[in-house]
Amino acid sequence: MYPAMKRCLDEIEAGEKQLNDLRTDICKVLKLINFKYVTVAGQKYLIEVPNSNLRLVPTDWLKISSTKQVSRFRSPQIIKLCNQIDQQKELMIGHAADAWFAFLKCMIVTGPNMGGKSTYVRQIALLAIMAHIGSYVPAESAAIPLLDAIYVRMGSDDALAQGKSTFMVEMSETSEILSSATSRSLVILDELGRGTSTNDGTAVAYATL
């Protein structure tokens, strides 16, 4: 496992253990023999108290929600631990993405419109071709592996004569690349998924990676 992700997991497990240990103190406060946290509307680690026993609830507990029968709270310790766990989960998502892209040996180029993204990726393909034909590469230094193929999917044209929409053309070309590319291929995809909605395009891009 990647060290950064392992640290996050360890912090999450430690926080969950502390939350579990707090159950003993909650039992004493609410005068209960046993206690279990409840989860409501995606919110975990809630202390559910019957409204008839609200007099036992400390004043520093934060009320999260309530019904006619019960009220749900979080103590300051629970709030602090939940925030720490959420923070570690967010960090782990970032570390997981970094690890995934490192595993795939890929680079994602982002930026504003007219920022030069397409020009940059075209340049990469051209430099790879120049290096493979023994040409001078205009760079201070370059480490270009031996490639078995270069695949490029750019542009957003449809194919009306063939009955294909812009999105269909994108998917057909991408499918052909995925079927042919190997671990030694250079694959350049420019604005993959632009022929559909933002959410669907993002899903297609991640699935392709």
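Predicted model: local features only at pLDDT ≥ 70, side-chain atom pairs only at ≥ 80, totals over all residues.
1. Residues are numbered from 1 along each chain as its sequence is written, and side-chain values use heavy atoms, leaving out hydrogens and water.

2. On to the fold: the protein has five helices and six strands (DSSP runs numbered from the N terminus, helices being H or I with at least four residues, strands E with at least two). Its radius of gyration is 27 Å, well over the 17 Å that the globule rule gives for 209 residues, so the protein is more spread out than a compact globule (taken over C-alpha atoms; the rule is 2.2 Å times the number of residues to the power 0.38). The C-alpha trace spans about 80 × 45 × 30 Å along its principal axes.

3. Domain 1 covers 3-102 and domain 2 covers 108-208, with bounds from an automatic or database domain assignment. Their C-alpha centres lie 45 Å apart.

4. For a local detail, look at β3 (residues 62-66) and β4 (residues 70-74), which pair in the antiparallel sense over four bridges (pairing takes at least two DSSP bridges). Three residues sit between β3 and β4 in this hairpin, and Ser 65 stands opposite Arg 72 in β4.

5. Glu 176 lies in helix α4 (residues 166-180). Glu 176 is exposed, at 56% relative accessible area.

Notes. Buried < 20%, exposed > 50% of the residue type's maximum accessible area, 1.4 Å probe, protein only.
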